[in-house]
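Thanks for coming. I will go through one structure today, and you can follow along on the screen.

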Amino acid sequence: MANERLRATLRASSFTEESLALHLGLDPKSVQRWITRGVVPRRSTAHQAAQALGTPLAYLWPDLAVDPATAAETEIVRLYPHRSATPRELWLDLLTQATGRIWLFANASLFLPEDNPESVAMLMNKAAAGASVRIMMGDPDTPEMALRGVEEQLYDAIPGRIRMALAYYSPLVDIPGIEFRLHRTSLYNSIFRYDDEMLINQHIYGAYGYIAPILHLRRVEGGDFFDTYIRSFERVWETAYPIQESNFHRQRQALLADSSTAALQQSPALEQR
């Protein structure tokens, strides 16, 4: 049976069968079969087509409609009792596989570059390949980060850990394709997005980050679990500011400039020996 809803939607859009197929990376005959024979595409492909056409997936292919409650449960891949129990290779695997969006939101996330030293270079390479990389970390010079240190009974160690993490991530500043911002919010959850997968460090008042659980989500059409955390990330992103505007960055740049000047001043003295 022909899919008349899809036919009418396609006619009302700016797409043709050929251009929609090209947009989706498919043979035009595939789109023709969806219309004339009522063939139902794979869920991921149908989701992309519905997004391109600006129409709900369930309207075009009712068979793919999912009960929201069931979809939300399906989005849960696994819950780890502690961040320290998360397999190290999982972080690298998700980063390696991501091609479109890589978003990191934490106070410090110092464990990422320390446990996976190659991750900073990987982020740089991902941006060069066209991925959208967003990094959002705490501003170490704000009262909010000092308060977090008190809450975790680490005191000035929290701003110190953030400064150390920022030093690791500093090669990513001003790299095309990478947006680097600092925030000063109360961190309820650290969010690490890799395309349609996500790791969430669910912080606990008075507990260190590595003790708090990790929730692994994978986006499913019809669910809203994944998108709830996306909305949280974006609300903080709107209030965050570029790292270039922070005291940390200005102080770091001044130190680097002083180091360069000192090195130049020492060079003639060394040559005279």
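Predicted model: local features only at pLDDT ≥ 70, side-chain atom pairs only at ≥ 80, totals over all residues.

I start with one side chain. Trp-237 sits in helix 12, which covers residues 225–239. Is Trp-237 buried or exposed? Its relative accessible area is 6%, and because the cut-off for buried is under 20%, Trp-237 counts as buried. Phe-105 is 132 residues away from Trp-237 along the chain, yet their C-alpha atoms are separated by 9.0 Å.

Now the chain as a whole. The protein chain has 13 helices and 8 strands. Its C-alpha trace spans about 85 × 50 × 30 Å along the principal axes. The radius of gyration is 24 Å, whereas a compact globule of 273 residues would have one near 19 Å. Of the 273 residues, 42% are buried. If we take the contacts with a separation of 6 or more, 71% of them join residues 24 or more positions apart.

In what order do the strands of the open sheet lie? The order is 1-7-6-5-2-3-4-8, and the pairing is mixed. At the edges are strand 1, residues 76–80, and strand 8, residues 241–242, each of which pairs on one side only. Helix 11, residues 157–169, packs on this sheet and touches strand 2, strand 3 and strand 4. The direction of helix 11 makes about 155° with that of strand 3.

Let me stay with strand 5 for a moment. Strand 5, residues 189–194, pairs with strand 6, residues 197–202, in the antiparallel sense over 6 bridges. Within that pairing, Ile-191 has Ile-200 as its bridge partner, and Ser-190 stands opposite Asn-201. The hairpin of these two strands has 2 residues between the strands, and Asp-195 there takes a positive phi near 55°. Strand 5 also runs antiparallel to strand 2, with 4 bridges joining them. In this second pairing, Trp-103 stands opposite Arg-193.

How many of the 6 residues of strand 5 are buried? The count is 6 of 6. Asn-189, Ile-191 and Arg-193 point one way from the strand, while Ser-190, Phe-192 and Tyr-194 point the other way.

In soluble globular proteins, nonpolar side chains tend to be buried together. Here the largest nonpolar core has 39 residues, and those with the most contacts inside it include Leu-104, Phe-180, Phe-192 and Tyr-194. Among the elements giving two or more residues to this core are helix 7, helix 9, helix 11 and strand 5. Another core lies apart from it, with 17 residues, including Ala-21 and Leu-60.

Tyr-169 is in contact with Leu-104, Leu-123, Ile-135 and Phe-180, among others. Phe-180 lies in strand 4. Phe-180 has a relative accessible area of 5%, so it is buried. Its contacts beyond four places in sequence include Met-137, Leu-166, Tyr-241 and Ile-243. Phe-180 and Leu-104 are 76 residues apart in sequence, while their C-alpha atoms are 9.7 Å apart in space.

That is what I have for today.

Notes
Residues numbered from 1 in each chain as written. Heavy atoms only, no water. Pairing = 2+ DSSP bridges. Contact = heavy atoms within 4.5 Å. Axes fitted to C-alpha atoms, helices over the stretch in contact; angles between N-to-C directions. Rg over C-alpha atoms; globule rule 2.2 N^0.38 Å. Buried < 20%, exposed > 50% of the residue type's maximum accessible area, 1.4 Å probe, protein only. Core = buried A, V, L, I, M, F, W, Y, C linked by side-chain atoms within 4.5 Å.
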